[in-house]
Amino acid sequence: VGKKVQAIYLWWHKPVIDKELLQSMPNLKVIANSGVGMDHLDLKLVASFGVKMANAPRAVSSTTADTGMALLLASARRLVEVHNISISPSMEYCEADILGVKVAGATLGIIGMGSIGYKIALRAKAFEMNILYHNRTRRKAQEEQAVGATYCKKIDSLLQQADFVMVVVSLTPQTHKLIGKRELELMKPTATLINISRGAVVDQEELVAALQAGVIRAAALDVTYPEPLPRDHPLLKLKNVIITPHLGIKTDKATYMITEEAVENILAALNGLPLPSEVIPS
């Protein structure tokens, strides 16, 4: 049926788009992705076949921002640890061992202030947090003022000041292992790293070492590499880590909206109209 296929809707990176598949579908016009991240696609390869690509930024930004804030709060108040204590047979604990850290008045550093990063800033403002951000391009003054955010031209400045560092960037060759040994050592020993972007944006081996040595307080990760981690991975054995299975967009409403957005892009491509969420290789 290859010659009949004009559109592909990618769900959770399936099917795998490679040269062989593209060659088998000479009439393919568009690939619509179920999410924002496009790192699983060779954009230049797809474009060389004259195929357009689209993602679903409108559908996922609010839900992913919710996930980021949920991880921040869960780590700050040690919710996983205290849940396990609460359901244990003995229910024995020392209050000093379950002390969390205060969120109100703390400084949140957001690395990547796109649509998701900005919605995180809106949520953080409601929690009375001080907001710093680092981005390739600075936001407009009125956008900064609306959330009380301060721009950090250099990532180092943000890392040195933040109590919570939230990573919200796309995975590209430039952001691969963006957070490594040097960056972790710049962070406060009381700071928490939260990653809701892609696992490979953080050097996991260096993160394990930093968490074990107390270089940083904790980490909360919605993404890892690989996903899921091998069951003997050291990250799974650390008490100061929360790991969730890439929950970012996983709500019933977001899933429905993603599909609607994909269909909108597919129909536009098939009818020769501009794609609302077209992704063009840089």
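User: Where does proline 228 lie, and how do you know that its place sits between strands?

Analyst: Proline 228 lies in the loop between β9 and β10. Strands are DSSP runs of E with at least two residues, helices are runs of H or I with at least four, and both are numbered from the N terminus. This is a predicted model, where local features need pLDDT of at least 70, side-chain atom pairs count only at pLDDT 80 or more, and totals for chains, interfaces and linings use all residues. Residues are numbered from 1 along each chain as its sequence is written, and side-chain values use heavy atoms, with hydrogens and water left out.

User: What makes the peptide bond from glutamate 227 to proline 228 cis?

Analyst: Its omega is near -5°. A cis bond also joins tyrosine 225 and proline 226, with omega about -5°; proline 226 lies in the loop between β9 (218–221) and β10 (241–243). Most peptide bonds are trans.

User: Why is arginine 78 called partly exposed?

Analyst: Its relative accessible area is 22%. Buried means under 20%, exposed over 50%, and partly exposed in between, with a 1.4 Å probe and protein chains only. So arginine 78 is partly exposed. Arginine 78 lies in the loop between α3 (57–76) and α4 (79–87), and has a positive phi of about 55° although it is not a glycine.

User: And what makes lysine 177 partly exposed?

Analyst: Lysine 177 has a relative accessible area of 37%, so it is partly exposed too. You'll find lysine 177 in the loop between β7 (164–167) and α8 (181–186), with a positive phi near 55°.
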